[in-house]
Amino acid sequence: MKNRKPQRKIVNATELPQDVKIVFTNGCFDILHAGHVDYLFNAAQLGDVLVVGLNTDNSVKRLKGENRPINKENDRATLLASLYFVDYVVLFNEDTPLELIKKIKPHVLVKGGDYKVEDIVGADFVKKSGGEVIILPFKDGYSSSSIISKF
């Protein structure tokens, strides 16, 4: 499973396996950096399969502004899928991943940073379905916005 071409790991929600412990996280991942890699690696350790929900270009533009994303969705998806510990990447066009979370029904929902469980989109759904919500710490000193501001 880990030797697949990255493009084969970019799938629709209906193509995901159902007989494994699915860990789900999401984000724009506009400029992939060491903080993202650390976070995604740690998320992958929480189950059998790590699924990353990736905001489409239109979604990122609505959330982050007209100058974003820096990298196009296909490039962002390919970079994420190239990480050996990311099993699947699923693009979503909405502003939040709630509908995708409802389709996937993950066993573990992971977010990073200073989130509170009650503020995480999909947390109620996952908990009501018997899953768990985990907040992983960010690696200090890394953010896409801080990288962009240097230029």
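Helices (H or I, at least four residues) and strands (E, at least two) are DSSP runs, numbered from the N terminus. The structure is a predicted model, in which local features need pLDDT of at least 70 and side-chain atom pairs count only at pLDDT 80 or more, while totals for chains, interfaces and linings use all residues. Residues are numbered from 1 along each chain as its sequence is written, and side-chain values use heavy atoms, with hydrogens and water left out.

The loop between helix 2 (57-64) and helix 3 (73-82) contains arginine 68, and proline 69 is placed in the loop between helix 2 and helix 3 as well. A cis peptide bond, with omega of about 5 degrees, links arginine 68 to proline 69. Arginine 68 is buried, its relative accessible area being 10%; buried means under 20% relative accessible area, exposed over 50%, and partly exposed in between (1.4 Å probe, protein chains only). The side chain of arginine 68 forms a polar contact of 2.6 Å with that of aspartate 30. A polar contact is a pair of N or O atoms within 3.5 Å; within protein, one must be able to donate a hydrogen and the other to accept it, and residues adjacent in sequence count only if both atoms are side-chain atoms.

Most residues other than glycine have a negative phi, and most peptide bonds are trans. Phenylalanine 29, in the loop between strand 1 (22-27) and helix 1, has a positive phi of about 45 degrees although it is not a glycine. Phenylalanine 29 is buried, at a relative accessible area of 7%. Lysine 105, located between helix 4 (98-104) and strand 4 in a loop, also is not a glycine and has a positive phi of about 55 degrees.

The largest nonpolar core comprises 20 residues, and Leu40, Leu50, Val52, Leu80, Val86, Val89 and Val110 have the most contacts inside it. A nonpolar core is a set of buried Ala, Val, Leu, Ile, Met, Phe, Trp, Tyr and Cys residues joined through side-chain atoms within 4.5 Å. Two or more residues of this core come from each of helix 1 (34-44), strand 2 (49-55), helix 3, strand 4 (108-112) and strand 5 (132-136). Helix 1 gives the most, with four residues. Another core, of 18 residues, lies apart from this one and includes Tyr88, Val90, Leu100 and Leu109.

In helix 2, the residues Asp57, Ser59 and Val60 are buried.
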